[in-house]
Amino acid sequence: MIKILNIVGARPNFMKMAPIIRSMNKHSHKMKHLLVHTGQHYDQKMSKSFFEDLGMPRPDIDLGVGSGSHAEQTARIMIEFEKVCLREKPNLVVVVGDVNSTMACAITAKKMMIKVAHVEAGLRSRDMTMPEEINRLCTDILCDYLFTTDHFADENLRAEGIPEGRIHFVGNVMIDSLLTHMEEAKKNGTCEKLGLRPGNYATITIHRPSNVDDRQRLAGILEALQEIAVDIPLLFPMHPRTKKMLQLFELQDYVPPIGEAAIGKLEKGLWSTEPLGYLDFLNLNMNAKFVLTDSGGLQEETTVLGVPCVTIRNNTERPITCEVGTNMVIGNNKGKILEIVKKVMSEERRKGAVPEKWDGKAADRIVEVLLRSFNE
Ligand code: UD1
């Protein structure tokens, strides 16, 4: 029996881990697994609601670390997770994505001589101002199993001298979740409930420190959004970091919350909501004219949905979404945002292609590799 600790911490981890747990459950006679939540994200709308939407089991262990500076948060996770490893003595720790929880648990386990698997390995933005890039580099160099989503990731790992035997191209677990929940999301009618017409509104997510922690930059993005919103309703589910910064910079008047009265008849304008659940947000994204974002995962989801994605960043660790998908990485200059959005608004919806192995079976491939390797 292989004993595994599966780690989640922040919102983008949940949809990556859900299909892995499902695949592991198919082999319960060979694998015993526990779900560890570090508590990096803790608000109901950033955490628990995703467990419900994704049909995930409740965490077996909650480290409850909460927010803090990078060093504080990473250190707290390491201290608490070390105790869990000592107690549970796992054969394997599985980490996903690139958040602080990913790196903290990988380092802790590896130093205790426990094997570690990284799902979504090899992504590189080459931008060392991104905390996620540091997390990705530190995690990948340590891990025994590197599960990748595309050929760019494989090439990045090889170029860093990672032995071929550690690299496994399995596809994209985030897309496993998307495909599993697509029909359910289609039926839940979020778009209609808000009074939005399919193809006649856009969704916005902006939360990266590079966009929201600088007042001038954030104001420039909001000014661009306000101009766009003259022609089309823009729906902006607000990440807690963004909400906090808007209040600090006194910019919250740019993005008023949707009032009760407006629900069901949302008009042109820039509107904020609380963070949305997985199914609601998927429904809104699949019906959107376009998505404007600085998120990583949304670049991938829109590629599969065939929805144009305007990425407000100077780089991406997911170039495959530009190569074959619908993604355009355009920076955060106000004039450029307006120019590109104008173009996207005038175009018919264009469908990108779906990258190889983004087919809903990535988690099964991961479990196959693990079973084969542990049997040997
Ligand atoms: C983290 C990830 C980022 C990911 C994002 C998705 C790292 C370094 N960053 O960024 O890669 O794209 O999650 O959401 O791991 N907060 C709350 N409630 C919560 C969680 C956070 O109010 O449930 C607030 C706190 O004020 C906190 C701030 O948001 O200080 C930032 O949270 P944190 O987990 O540090 O980073 P994110 O910006 O969420």
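Which strand does Ile 4 lie in? Ile 4 sits in strand 1, residues 2-8 (strands are DSSP runs of E with at least two residues, helices runs of H or I with at least four, numbered from the N terminus).

A quick word on the model: it is predicted, so local features need pLDDT of at least 70 and side-chain atom pairs count only at pLDDT 80 or more, while totals for chains, interfaces and linings use all residues. Residues are numbered from 1 along each chain as its sequence is written, and side-chain values use heavy atoms, leaving out hydrogens and water.

Back to Ile 4: it counts as buried because its relative accessibility is 0% (buried means under 20% relative accessible area, with a 1.4 Å probe and protein chains only). His 33 is 29 residues away in sequence, yet the two C-alpha atoms are 4.6 Å apart. Beyond neighbours within four places in sequence, Ile 4 has contacts that include Met 24, Leu 34 and Val 94 (contact means heavy atoms within 4.5 Å).

Now for the ligand. Around it are 19 residues, and Gln 40, His 41, Asn 100, Glu 132 and Arg 241 come nearest (a residue is near if one of its heavy atoms lies within 4 Å).

| Residue | Distance |
|---|---|
| Gln 40 | 2.8 Å |
| Glu 132 | 2.5 Å |
| Arg 241 | 2.7 Å |

Helix 11 gives the most to the shell around the ligand, with three residues.

Methods. Polar contact = N/O pair within 3.5 Å; in protein donor to acceptor, adjacent residues only side chain to side chain. Buried < 20%, exposed > 50% of the residue type's maximum accessible area, 1.4 Å probe, protein only.
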